[in-house]
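Me: I would like to learn how to read strands, cores and ring pairs in a protein model. Could you take me through them slowly, giving the general idea before each case?

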Amino acid sequence: MRVLLIGANGYIGRFVADRLLADPAVQLTALGRGDDADVRFDLATGSPGALTRFLDAVHPGVVVNCAGATRGGARELTRHNTVAVATVCEALRRSGCGARLVQVGCSAEYGPSQPGSSTAEDAVPRPGGPYGVSKLAATELVLGSGLDAVVLRVFSPAGPGTPAGSPLGRLAEAMRRAMQSGDGELRLGGLGAQRDFIDVRDVARAVHAASLSAAQGVINIGSGRAVRLRDAAATLARVAGYGGALHELDGPPGALRPTIGHPRTESVGHRVDALGHHRADGLGHHRPEPLGHRGDRADTEHAAPVAYAYPDGCGSWQQADVRTARDRLGWRPRIGLEESLADIWMEAACRI
């Protein structure tokens, strides 16, 4: 089976490429904007006609699209997430290759959901920001294309390669800098959001399974369990061996709530016994505040990036209903969040 992978150099695309290359039955061709792609092509600016000619020449059986943008203004997000997918769909319609399309979508397409609920594929999407809108528009283009196609709505990917600008990436970097400077206290903001974290390697397995299946429509890819970001912070501190206190910046300006770890009087070298056993209240729609405040004075020497609340427009809670992935793809997540966080920390620790 020849697979054309678009976006092989992206966060998810790299792991999808590794997974497909491990299958001896797959012949992989990578298409992208980078010099290391097998074929250089920019979906945001290239014409459907040019892509059609390439499809007819390569004749793939499956096209996997992992390309897209997560940051930028509405115009940029529309160009990379929506116009690009329109180009792929139109090229596949014109081509005689008859390839199946596997589109990697995002849970931001759903928007906010009711705390405690699990979001199934039949939920009415109400994206809360331009990123989710651009991804939802792409999904609608795929579903309305008449192609043999499936959209995998990936919830919050985690694990090795996690971007430094993501909430978990920011958290790991803040902890690395605290350990490097010997700081026994770490102040974090925006830890109230609860998200369904799924390891990026499990996402790659789902893409592989979708490539081989006949499933169509939308399929959620998540762990099926929402985790509060402050709980992820506690787990990360444990796997990193950080012995200081984690304080959450939450509520009115100047308010400091020591939700995780020992109070300030504990020594730096003392292991925080309370990690993972803190209060689980406060869903937290609040303004992120910077790290680096020690007591009542600003310590700019040890200032570190804040772990911001998720900028995905999904509010305080997201949790996937993953029964469709189990039933139609034979897929289940295998890698737990602690392992994902350990891999994130290993990459951060290499920068010490």
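Reply: Two strands pair if DSSP finds at least two bridges between them, and the elements themselves are DSSP runs, numbered from the N terminus, with helices (H or I) of at least four residues and strands (E) of at least two. This is a predicted model, in which local features need pLDDT of at least 70 and side-chain atom pairs count only at pLDDT 80 or more, while totals for chains, interfaces and linings use all residues. Residues are numbered from 1 along each chain as its sequence is written, and side-chain values use heavy atoms, with hydrogens and water left out.

Me: In which sense do β1 and β4 run, and how many bridges join them?

Reply: Strand β4 (residues 62-65) runs parallel to β1, and four bridges join the two; within β4, Asn 65 is the bridge partner of Ile 6. Strand β1 also pairs in the parallel sense with β2 (residues 27-32), over five bridges, and there Gln 27 is the bridge partner of Arg 2. Moving on from β2, two bridges join it to the parallel strand β3 (residues 39-40), where Val 39 stands opposite Leu 31.

Me: How many of the residues of β1 are buried?

Reply: Buried means under 20% relative accessible area, exposed over 50%, and partly exposed in between, with a 1.4 Å probe and protein chains only. Four of the five residues of β1 (residues 2-6) are buried, which leaves the strand mostly covered.

Me: Which residues touch the most other members of the largest nonpolar core?

Reply: In soluble globular proteins, nonpolar side chains tend to be buried together. A nonpolar core is a set of buried Ala, Val, Leu, Ile, Met, Phe, Trp, Tyr and Cys residues joined through side-chain atoms within 4.5 Å. The largest here has 33 residues, and Ile 12, Val 16, Val 64, Leu 152, Ile 221 and Leu 329 touch the most other members. Among the elements that give two or more residues to this core are β1, α1 and β4, but α6 gives the most, with seven residues. Apart from this core lies another, of 29 residues, including Leu 4 and Phe 155.

Me: What kind of aromatic pair do Tyr 110 and Phe 155 form?

Reply: A pair of aromatic rings is described by the distance of the centres and the angle of the planes. Rings of Phe, Tyr and Trp (its six-membered ring) pair if their centres lie within 6.5 Å, and planes under 30 degrees apart count as stacked, over 60 as edge-to-face and the rest as tilted. A search of the whole structure finds one aromatic pair: Tyr 110 and Phe 155 are tilted, with 6.1 Å centre to centre and 35° between the planes. The pair links distant parts of the chain, 45 residues apart, and both Tyr 110 and Phe 155 are buried.
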